[in-house]
Amino acid sequence: MSRWPTDRLLLWLLRGVAAIAGAIVLLIVTFLVMEALPVLRHVGVARFFTDPSWHPTEGFYNLTPMLWGTLFAMVGSVLIATPLGILSAVFCHYYAPPVIARPYRRLIELLSGIPSVVYGFWGLVVLVPLIGAIHPPGPSLLAGIVILTIMILPTIALMADASLANVPQQYLRGAAALGLPRWATVRGVVFPAAKSGLFTGVILETGRAIGETMAILMVCGNVVQTPHSLFDPMRTLTANIALEMAYALGDHRAALFVSGLVLMGMIAALVGAADWISRGRIYG
Amino acid sequence: MRPSTPAEGTQPWAPLDKNPARYVPKPFIEVEQLSLHYGQKPAFHDVTVSINKGCITALVGPSGCGKTSFLTSLNRLTDLIPGCRVSGRIRLDGLDLLAPNTDVIRLRRRIGMIFQKPNPFPLSIRKNLEFPLREHGLRDREQIAITIETVLRDVGLWDEVKDRLNAPALALSGGQQQRLCMARALALSPEALLMDEPCSALDPLSSGVVEDLIVGLRNHYTILIVTHNLAQARRIADYAALFWVQNGSGQLIETGTAKQIFEKPRDPLTAAYVSGMRG
Amino acid sequence: MVKTLERNLDGRELFASILVWSAAALVTATFCWFLGDIIWHGLSQISWTFLTAPPRNAGREGGIGPILVSTALILGVCLAVSLPIGVGTAVLLAEFTTDASLFGRLTRRSLDVLSGVPSIVFGLFGNAVFCKMLGLGFSILSGGLTLACMVLPILIRSTEEGFRAVPAGYRLSAAALGLSRTTTLFHLLLPAAVPGLLVGLVLGVGRATAETAALIFTSGYVDRMPESLLDSGRALSIHIFDLSMNVSGGDANAYASALVLVAFLLLINGTASWLAEHWLHRRIVTI
């Protein structure tokens, strides 16, 4: 241990500060639970999935329409963004001449920094009327999926780009020496080599899709219903909280905290599933 | 080359003579005044040499003389390096390799390459061999399985891996990985093999196994091997060529039969290098 | 061995080429459409008056002066709180814990989880703790504190990188000279780790400025010029949200505000990238 007394003081100070940082997550969960407890006690967990509808003012707390909204938007956007993002990265590394690849990469980096409210605004004034012209009304699951796709694309594209950059040169030279053409090399050698990075990218983008609030709120219409077609307006869990928190009181407010807990649960499940899958696949 | 062990119950098989009598050498790869530049820097300059069919030619010389660059220019792998310019002429069996309309993919099937550091793909052992075969047009499952077994036997890996063909290739030892890479190259039925110091990254035991393998490939394949190991060159080469750095770029100093280069070199530089006094 | 190998590859390679180029074209076109739209509609509204005047008629007319001030104040609070905690934690993790230390591992784990929490949940947390429990109500202070929690993981990660980039030789020479760890830290390591810190700072500012959901119920909606940190203030992102969703005819000013926000963020993220590439010699990505 150091001879200097200032060192010991410093160490304890730093430990205190780090403890604060580390405790925040615990505090979040704690406060969510504390605020959610009242309604969980009156109403019980089951009713959050079995009540006839979501009408807190009348005592109905069914979250499932919003859950479906979140799930559909997430699945739709991830299904579209993932191939587009990975192909973008492949484009940058293997197909585009450097004079095109550099600005393209910069463009995607630029767009990863744009706030969700701006995407939502654009979706509201441009995309929603467009969809409305094809099939009224405009605000819909489809609008949500499109905006969400645009928002999570940079995440997967940039992660994929970084993973592809890390593929060892020797694999590429070996493939070339065997006379393997470009796409065959990408498909058969590069993708397996970049597996773990690509997987992490998918997890990150899915997490982002689940947690997105503003853009989805602005384009989805905010009707509490389980969407049965792409053109149905709907509401996600996140949008639900944002919309009602301002005027919610008592049990209603507590119910919103419950949906916050459900969101945390979904993220935790995602990370857990990722851990479990990668344990088998990546090292196998 | 030792043919694969025939199936049980067929006629007995006699080991082939490891050193058959020399036959009349026929040039297979002819290089004329080949030069290579990485941007402004010359790697080697004005190399003219004839590689004979079915023989093992060793490229020797200290590091940095352009031996590896020379090797990679023969199968046009230099195309992948940005800023790399090759000038001169390379003829494979009469075919001009540097012509702009040369089918590079077909070329790389005729000339295979083994790298210094073993580089099997991050796939299973089976996939490492199956994938290039499929890509080059072989689709028949049975044919593929037969080819895989044949080449693995030829490199001496069959008994070691036959039970775990689906295991990851990266789990094999260094020597096994290098032999797998050789099997992968052989599966495409090349006519020539370019080897860039194939044993230098291996331990002595594996090194010996790979060296024996290379000797066994003589007569069936034309082999060009870059090596730092003079003793190895003495052991296995039929022909040798010495590279050296002169005037800021690599030059071919002397070329001839191995016997002549190692015992009666004409150039004093060669004499100094092979006797260990320089380099 | 294989005797007959046909080459039937051209079809597949061509198809793959078309696929890849189409994907890139689709992505480029979509983003250009988006950016072009924002710039086209927003540029005409921007002027010095716009940037300094207060909003009138619920924001349909006038400017965003007080809003910029509120945004700056919220950012200020956020940084004032997150910098000391963030740098302190980063220093502890980089310099005073080993990979095996339980405290270190737990802290890192919890920071990893923290970076995955959705922003709306931060909003709930901020509302429950800062507005209600600590009684700050809807205020700039609440908003800033909430954002500080969000920004911590980014700041810590980047600062830690900055410390790790300092060569081990510095610490060894300092120890050999008998310097206390405190002195080594403040006089030697911290200055050397400044690039990493700056990058983290800039990234954090970017993240905080873009944030909307966490601020809606912590810093409030009031669009007047704030007079103290306890006043409610409207951040730029909230202003855009309000104009587009709640104010009919607010689109024009919303476009202009969006352009200001986007321009600011592009500047910020561009700076972070530049700093990282030139000082840290590393490419970073603002995912």
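## A buried alanine and the contacts around it

C:Ala128 is buried, with 23 other C-beta atoms within 10 Å; for that label a residue needs 20 or more such neighbours, while 12 or fewer makes it exposed and anything in between partly exposed, with C-beta atoms placed from the backbone. This is a predicted model, so local features need pLDDT of at least 70, side-chain atom pairs count only at pLDDT 80 or more, and totals for chains, interfaces and linings use all residues. Residues are numbered from 1 along each chain as its sequence is written, and chains are lettered from A, with ligands numbered from 1, in the order in which they are written.

Back to our alanine. C:Ala128 sits in helix H5 (residues 119-133) of chain C; helices here are DSSP runs of H or I with at least four residues, strands are runs of E with at least two, and both are numbered from the N terminus. Which residues does C:Ala128 contact, leaving aside its neighbours within four places in sequence? They are A:Phe31, A:Glu35 and C:Met133, where contact means that the C-beta atoms, placed from the backbone, lie within 7 Å. C:Ala23, on the other hand, is 105 residues away in sequence and 44 Å away in space, C-alpha to C-alpha.

What about chain A as a whole? There are 11 helices and two strands in it, running α-α-β-β-α-α-α-α-α-α-α-α-α from the N terminus on. Its C-alpha trace spans about 75 × 70 × 35 Å along its principal axes, and buried residues make up 51% of its 284 residues. Of the contacts in chain A with a separation of 6 or more, 74% join residues 24 or more positions apart. The average pLDDT (the predictor's confidence in each residue, from 0 to 100) is 89 for chain A, with 97% of the residues scoring at least 70. Confidence is lowest in helix H2 (residues 47-50) of chain A, at a mean of 81, and highest in helix H3 (residues 64-95) of chain A, at 94.

Over in chain C, look at helix H6 (residues 140-164) and helix H8 (residues 181-210): their axes come within 7 Å and cross at roughly 150°. H6(C) and H8(C) are therefore roughly antiparallel to each other, a label for angles over 145 degrees, whereas under 35 is roughly parallel, 65 to 115 roughly perpendicular and the rest oblique. The residues of this contact divide into 14 nonpolar, six polar and three charged.

Finally, C:Ala176 lies in helix H7 (residues 168-176) of chain C. With 8 C-beta neighbours inside 10 Å, C:Ala176 counts as exposed.

Definitions and conventions:
Axes are lines fitted to C-alpha atoms, for helices over the stretch in contact, and angles run from 0 to 180 degrees between N-to-C directions. Ala, Val, Leu, Ile, Met, Phe, Trp, Tyr, Cys and Pro count as nonpolar, Asp, Glu, Lys and Arg as charged, and the others, Gly among them, as polar. Two residues are in contact if their C-beta atoms, placed from the backbone, lie within 7 Å.
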